[in-house]
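Q: Please take a close look at one helix-helix packing in the structure below. A plain account of it and of a few other features would do.

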Amino acid sequence: MRTTTLENEKIEQFLSLIPSFPKSVERSFYEEEKMKLFEALHEKELQEICGMNKEDSVRIGNIRKELTEIVKELLTKKDLDDSFKKYLAIEQEIENSFLGNQYIYVKQRTLTVKALYYHKTENFNKALLFTLEATALIEYLIKQGIYTLCTRCFEQNKNISRIYFASKQMELGNKTANSLLLYLFNGEYNEGLFGNIFRNNFYWSKNPDVREYFAHEAFISIVESTVKSNLNNHLDFLPNEWNIDLSFGIDNPDRQIISHWISVNKHLKNGNYEEYFDSLSSFFQQSYNKHYDILKIALLIDLTKLVIKLNVENKELITEKINEFFNHKISSHKSLYNTWILKQSLYNQARFSLEKSFF
């Protein structure tokens, strides 16, 4: 397929604008004071439902710190055997040391780490199994009155969508991701979610500030998952079935960013190239929080694939301009920068190395 005059003009216009695009803004993604209030409420619920005293809190806090270190190792190391041995030791300690709701609370924490281990070792059936087990325990505690754990239930559904994407079960991944975001943004229940709390708006209304924050974080995380699961699809555009029909009210700047990004994808999918390039340029002209860098990266990946599809001339210039943008304007995901364009079919083969995870 050859480009038309309009498409060539729009591509050249976008390239000319790249040097003027602002750098990502370095600022907190969530207000510290709101997080402190949420954590205080969580501690209060734990005291009431799990009978947790100061000594219990310290003991469980230490276990959570150990689990956090194991998660870091699982995300960064290639040899995971030692990390899993550490995990198994903690699991055994929990089996021997806790009872009742305290046991259930600590157990659900460990199971998500176990699920991550199996995800990283590509045993996706076990990753799904332990994620579902953790979800059941979380939901039990929510129904006992630990409403702050709703975010954990949301998180496990997000992780389930990531497992589906990683295991190439795109239809299931799209369905779970779409249903989760419709719920988080609108309180709307759709099939594909795991947990009965999603059928009751009582739980949706709890801790609305944190739920809204999680909606933004989940959207970013799912975009990252779809990028990661399609690294070798050199010519196909990234799948957008999970977000292309996502509709919600826009009452804060983060929702506006997400809505704008979706509209860019809609124009691309529908072949409305004039509107696509206008909305693409507009998106990059905003100095968004660095947490939204992955949205820019996903758009640049699809732009590169569009250049392949349209057989655009001056591919080397496009490479140079986009590489320059990565070098100077992207604050996070630096590991994506080095070879992501040079290994396209335009330049050979597209491959990326994503380090972050939101387990």
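A: Contact here means heavy atoms within 4.5 Å. In this predicted model, local features need pLDDT of at least 70 and side-chain atom pairs pLDDT 80 or more, while totals for chains, interfaces and linings use all residues. Residues are numbered from 1 along each chain as its sequence is written, and side-chain values use heavy atoms, without hydrogens or water.

Helix H10 (residues 208–229) and helix H13 (residues 293–310) have axes that come within 9 Å and cross at roughly 35 degrees (helices are DSSP runs of H or I, at least four residues, numbered from the N terminus; axes are lines fitted to C-alpha atoms over the stretch in contact, with angles from 0 to 180 degrees between N-to-C directions). The crossing of H10 and H13 is left-handed, the near helix being turned anticlockwise from the far one by less than a right angle. From H10, Phe-219, Ile-220, Val-223, Glu-224 and Val-227 meet Ile-294, Leu-295, Ala-298 and Ile-301 of H13. By class, the contact of H10 with H13 has 8 nonpolar, no polar and 1 charged residues (Ala, Val, Leu, Ile, Met, Phe, Trp, Tyr, Cys and Pro are nonpolar, Asp, Glu, Lys and Arg charged, the others, Gly among them, polar).

Elsewhere, the structure holds 23 aromatic pairs (Phe, Tyr or six-membered Trp rings with centres within 6.5 Å; planes under 30 degrees apart are stacked, over 60 edge-to-face, the rest tilted). One of them, Phe-14 with Phe-284, is edge-to-face, at 5.8 Å centre to centre and 80 degrees between the planes. Phe-14 lies in helix H1 (residues 5–17) and Phe-284 in helix H12 (residues 273–284), so this pair ties together parts 270 residues apart in sequence.

Note on methods: Helices (H or I, at least four residues) and strands (E, at least two) are DSSP runs, numbered from the N terminus.
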